[in-house]
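This report describes a single protein chain, from its overall organisation to selected local details. The sequence and the model are displayed first.

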Amino acid sequence: MTNVPAHPGPLTPEDFDALDDELDHMREQHEEIPQWEFCEGFLAALVCTRREVPADDYWPVLLGDHFRPMEHMEFVWRWRRRWEEIAFALDQPVEELEDERTYHPEALDTRGAVLALPAEQRADNDLQDLPAYAQVWALGFMYAVESWPEDWLPPRDAEAAEMLDAALEDIVALTEDDTSEPTVSMYAEDGPPSVSDARLDQVAAAIWAVYSLRQLWRSLGPRTGPVRKAQEVGRNDPCPCGSGKKYKKCHGAG
């Protein structure tokens, strides 16, 4: 087994590459394994959930019953590090997104990456089939919310319930396509425009929403009473994220 450092610090680009590589490897055996951006959204939701969902409950939901943590120790190690990073960031008293302590999702500008390719290597008419910036992250977040609905029931307090609804609406907005005029590339500073200003505003709102959710549930504490385990979703079932697509065509597309 590979040795890991005792005090690793924040995840590096190499760590995220390693996470992607491990997911790619798992996907060779099980095609429904999602990409890291989806996992990142799922993880962020778990960090914000009213109670801490046990790992034995969330691994099968995210990666399937076949996933064995002991066989993927480095993946689990990096997952826990990212969990701690996100939790720490969300507990900081940040007042603007430019604060270096702010949580920023590991989201991909897939369209920007394709547009950056030489013209002969891409087909522009395929861009509409690619996920918008941060869309997969939002789908992962909402998949976790829908997997444990009892933990996301509105609080009795009307103001808190309104806060919950508003925050979730801001994240759900990112599960939709970016249909506005692109103005900037999030893939390369000088790349062809692939993300709209409206989308950037939505991403900012979603980040603040995650902060609100973390603060809301920490202030209220865990819900009392028994909690049901998440219900598994079949490949041909509707995706729990609410997109209207089949699971295999949505978050399960890998």
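## Basis and overall organisation

A polar contact, as the term is used here, is a pair of N or O atoms within 3.5 Å; within protein, one of the two must be able to donate a hydrogen and the other to accept it. The structure is a predicted model.

The chain contains 8 helices and 2 strands, arranged along the sequence in the pattern α-α-α-α-α-α-α-β-β-α. Its length is 254 residues, of which 45% count as buried. Among the contacts in the chain with a separation of 6 or more, 68% involve residues 24 or more positions apart. The accessible surface amounts to about 13,900 Å², and carbon and sulfur atoms account for 48% of that area.

## The nonpolar core

The largest nonpolar core comprises 64 residues; Phe42, Phe75, Trp79, Trp137, Phe141 and Ile171 have the most contacts inside it. At least two residues of this core come from each of α1 (13–27), α2 (36–48), α3 (55–63), α4 (73–90), α6, α7 and α8. The largest share, 10 residues, is supplied by α2.

Phe75 illustrates the packing in this region. Apart from neighbours within four places in sequence, Phe75 is in contact with Leu19, Glu22, Leu23, Met26, Trp36, Trp59, Leu63 and Phe67.

## Helix α7

Helix α7 covers residues 158–173, and its end C-alpha atoms are 22 Å apart. This agrees with expectation, because 16 residues at 1.5 Å a residue should span 22 Å. At the N-terminal end, the helix is capped by Asp157, a side-chain oxygen of which lies 3.2 Å from the backbone nitrogen of Glu159.

Which residues of α7 are buried? They are Ala160, Ala161, Leu164, Ala167, Leu168 and Ile171. Viewed down the axis of α7, these buried residues fall within an arc of 130 degrees, and therefore line one face of the helix.

## His104 in the loop between α4 and α5

His104 is located in the loop that lies between α4 and α5 (110–115). Is this residue buried, partly exposed or exposed? With a relative accessible area of 40%, His104 is partly exposed.

A polar atom of the His104 side chain lies 3.3 Å from the backbone oxygen of Leu97. When residues up to four places away in sequence are not counted, His104 touches Glu40, Arg82, Leu97 and Ile207. The C-alpha atoms of His104 and Ile207 are separated by 7.2 Å, although the two residues are 103 residues apart along the chain.

## Ser196 in strand β2

Ser196 belongs to strand β2 (residues 195–196).

The side chains of Ser196 and Asp178 are joined by a polar contact of 2.7 Å. Residues up to four places away in sequence again being left out, Ser196 touches Asp178, Ser180, Glu181, Pro182 and Thr183.

Note on methods:
Residues numbered from 1 in each chain as written. Predicted model: local features only at pLDDT ≥ 70, side-chain atom pairs only at ≥ 80, totals over all residues. Heavy atoms only, no water. Helix = DSSP H or I, 4+ residues; strand = E, 2+ residues; numbered from the N terminus. Expected span 1.5 Å × (residues − 1). Buried < 20%, exposed > 50% of the residue type's maximum accessible area, 1.4 Å probe, protein only. Arc of directions from axis to C-beta. Contact = heavy atoms within 4.5 Å. Areas by Shrake-Rupley, 256 points an atom, 1.4 Å probe, with all protein chains shown as cover. Core = buried A, V, L, I, M, F, W, Y, C linked by side-chain atoms within 4.5 Å.
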